[in-house]
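Please consult the sequence and the structure shown below while reading.

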Amino acid sequence: MDERNDGSAAPKTRRRGEELVSAIHEAAILEAAENGVGGLSMEGIARRAGTAKTSLYRRWSVPSDILLDAMYSHFPQERAAPEADDLRGDLVESLAVLAGLGEDPLGRAMFAVIAESLRDPGLHARFEAEVFDPKGGRFTRTVLLHYAGQGRIDPSRITDVTVDIGEAMVLKYAVDHGRSPDREHLARIVDEVILPAVGLDPRRAGAE
């Protein structure tokens, strides 16, 4: 996603269909990333997308509807290796997807929604129901469930706690250090915490 740091409007064009929707989605994410959810407006989104407000109102009623639609469209979805042959690598990669969000406007927009939750818990509930859950829920959950289905992990070890561990540690690192962890640290989270929590020896899950 191209980020405009000056907040200037894109030139108006006669874009239609998916091209126009994509421009509006990008504008909504950038507006939320820069101004927070409280600063989100139809005027700002339309100006940044280079279109008229009427184009927005034909499809959405309020700015938050556009933002959630945009976040669903752009939110990354973790994938597991179809052959189920690299549990450790897939777990590291799923955490890397989360860590990468911290450097992306989408991630800043997501944190803007979370920050707004104290004032508007309904918006956060919609984010969970309309974006996060449909995209797989907690990062590493899709991978863990995939390998459980292949008989590599005891399904009883995949709980609401074990699926939260990796995500919580990545976010804590970001808070403590002001940046996302690198892949070496992500591998340590997998080896030292996630794999033991689901009853596996990291050396037998592909660790070097």
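## Helix α1 and its surroundings

The expected span of a helix is 1.5 Å multiplied by one less than its number of residues. The model considered here is predicted. Helix α1 covers residues 17–35 and has 19 residues. From its first C-alpha to its last, α1 reaches 27 Å, close to the 27 Å expected at 1.5 Å a residue. Gly36 follows α1 and has a positive phi, near 80°.

Which residues of α1 are buried? They are Leu20, Val21, Ala23, Ile24, His25, Ala27, Ala28, Ile29, Leu30, Glu31, Ala32 and Ala33. The cover over these buried residues includes α2 (42–49), α3 (53–57), α4 (63–74) and α6 (105–116). Glu31, one of the buried residues of α1, is also linked with Glu34 and Arg48 in a network of salt bridges.

In soluble globular proteins, nonpolar side chains tend to be buried together. In this model, the largest nonpolar core has 55 residues, and Leu67, Phe75 and Phe127 touch the most other members. Helix α5 gives the most to this core, with eight residues.

Leu67 illustrates the contacts in detail. When residues up to four places away in sequence are not counted, Leu67 touches Ala28, Ile29, Ala32, Val37, Leu40, Ala109 and Val113. Among these partners, Ala28, Ile29 and Ala32 belong to the buried residues of α1.

## Salt bridges

How many salt bridges does a search of the whole structure find? The search finds ten. In one of them, the side chains of Arg88 and Asp191 meet with an N to O distance of 2.7 Å. Arg88 lies in helix α5 (residues 87–101) and Asp191 in helix α10, so this pair ties together parts that are 103 residues apart in sequence. Both partners fall below the 20% cut-off for a buried residue: Arg88 counts as buried at 16% relative accessibility, and Asp191 counts as buried at 18%.

Other pairs lie within a single helix. Glu130 forms a salt bridge with Arg126, and their closest N and O atoms are 2.8 Å apart. These two residues are four residues apart in helix α7 (residues 121–132), and are therefore separated by about one helical turn. Glu130 is partly exposed, with a relative accessible area of 34%, and Arg126 is likewise partly exposed, at 30% relative accessibility. In helix α9 (residues 162–177), Asp176 and Lys172 are also four residues apart, or about one helical turn. Their side chains meet in a salt bridge (2.5 Å, N to O). Asp176 is partly exposed, with a relative accessible area of 47%. An α-helix has 3.6 residues a turn, so residues three or four places apart point the same way.

## Surface features

Which residues make the nonpolar surface patch of about 220 Å²? Phe111, Ile114 and Leu171 make it. Of these, Ile114 lies in helix α6 and is partly exposed, with a relative accessible area of 35%.

His185 lies in helix α10 (residues 183–197). Is His185 buried or partly exposed? At 22% relative accessibility, His185 counts as partly exposed, because the buried class is limited to values under 20%. The C-alpha atoms of His185 and Tyr173 are separated by 9.4 Å, and the two residues are twelve residues apart along the chain.

Terms used. Residues numbered from 1 in each chain as written. Predicted model: local features only at pLDDT ≥ 70, side-chain atom pairs only at ≥ 80, totals over all residues. Heavy atoms only, no water. Buried < 20%, exposed > 50% of the residue type's maximum accessible area, 1.4 Å probe, protein only. Contact = heavy atoms within 4.5 Å. Patch = residues over 30% accessible without salt bridge, like charges linked within 9 Å, V, L, I, M, F, W, Y side chains within 5 Å. Areas by Shrake-Rupley, 256 points an atom, 1.4 Å probe, with all protein chains shown as cover. Salt bridge = Lys/Arg side-chain N within 4 Å of Asp/Glu carboxyl O. Core = buried A, V, L, I, M, F, W, Y, C linked by side-chain atoms within 4.5 Å.
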